[in-house]
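This briefing gathers a few local features of one chain, grouped by topic. Please read the points below alongside the sequence and the coordinates.

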Amino acid sequence: TEAEVQLVGGAARSLAGHTAAVQTVAFSPDGKRVASGGDDTTIRIVDLETNRSRTLVGHTGSVRWVAFVGDDRLVSASADRTIRIWDLTSVERVLPAARADVYQHDGRREVLAFTPDNTRLVYPDASHRVTVRELATGIEQRFERSSDAPITTVAMAPSGSRFAIGDATGHVVEYTLAGAPR
């Protein structure tokens, strides 16, 4: 049988601002802001209640992934092979790149995961190790791998104590964070 598609009308509004293709969009936890990143290397944050926007600059490649961490931080990943953690409380209109914490990663947007409580970020670094970074303190745990194959995906367990990676050779490996129950 043929599938039936019903078009439903609804309110829509344009949140303009990028000068090239948009690659990623995320809502803030309270649903009051939208962040977007694109091929123009910028991040736009729009307050949906006031329609005011600001632009974050600092990446030199396409912004491929953005996510809010609570109400005061935004994490972005770019084709320039960096992850930036933006402190949104210190932003007037544009947050200078020097005020954002910058980390190297492998440049793929799919290869990032947060712990369920949003306190840690898991990502591969440029040497194909896996890094778990405490966002509040900057403390990192690094996990060595026996393979140099590119990591293609990362997933965090609901408990936040374990994560798994998949790589280009077809392997999946589970890791337990230091000090966490298994």
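This is a predicted model: local features need pLDDT of at least 70, side-chain atom pairs count only at pLDDT 80 or more; totals for chains, interfaces and linings use all residues.

A residue is called buried when its relative accessible area is under 20%, exposed when that value is over 50%, and partly exposed in between.

**Aromatic pairs**

- Across the whole structure, a search finds 4 aromatic pairs, and one of them joins F143 and F163, whose ring centres are 5.2 Å apart with the planes at 80°, so that this pair is edge-to-face.
- Because F143 belongs to strand β12 and F163 to strand β14 (residues 162-167), this pair ties together parts of the chain that are 20 residues apart in sequence, and both of these phenylalanines are buried.
- F143 also forms an edge-to-face pair with Y175, where the centre-to-centre distance is 5.4 Å and the angle between the planes is 65°.
- This second pair again links distant parts of the chain, with F143 in strand β12 and Y175 in strand β15 (residues 172-176), 32 residues apart.
- F143 has a relative accessible area of 12% and therefore counts as buried, since the cut-off is 20%; Y175, with a relative accessibility of 12%, counts as buried as well.
- Taken together, the ring pairs link F143, F163 and Y175 into a cluster.

**Nonpolar cores**

- The largest nonpolar core consists of 13 residues, and those with the most contacts inside it are V122, V130, F143, V154, F163 and I165.
- Strands β11 (130-134), β13 and β14 each supply at least two residues of this core, and the largest share, 3 residues, comes from β13.
- When neighbours within four places in sequence are left aside, F163 is in contact with V122, V130, V132, F143, A155, M156, A157, V173, E174, Y175 and L177.

- R145 is located in the loop that runs between β12 (140-143) and β13 (151-156).
- Although R145 lies in a loop, its relative accessible area is 14%, and because this is under 20% the residue counts as buried.
- A polar atom of the R145 side chain lies 3.0 Å from the backbone oxygen of A149.
- Not counting residues up to four places away in sequence, R145 touches H128, V130, I151, I165, D167 and Y175; among these, V130 and I165 are also listed with the most contacts inside the largest nonpolar core, while Y175 takes part in the aromatic cluster with F143 and F163.

Technical notes. Residues are numbered from 1 along each chain as its sequence is written. Side-chain values use heavy atoms; hydrogens and water are left out. Helices (H or I, at least four residues) and strands (E, at least two) are DSSP runs, numbered from the N terminus. Buried means under 20% relative accessible area, exposed over 50%, partly exposed in between (1.4 Å probe, protein chains only). A polar contact is a pair of N or O atoms within 3.5 Å; within protein, one must be able to donate a hydrogen and the other to accept it, and residues adjacent in sequence count only if both atoms are side-chain atoms. Contact means heavy atoms within 4.5 Å. Rings of Phe, Tyr and Trp (its six-membered ring) pair if their centres lie within 6.5 Å; planes under 30 degrees apart count as stacked, over 60 as edge-to-face and the rest as tilted. A nonpolar core is a set of buried Ala, Val, Leu, Ile, Met, Phe, Trp, Tyr and Cys residues joined through side-chain atoms within 4.5 Å.
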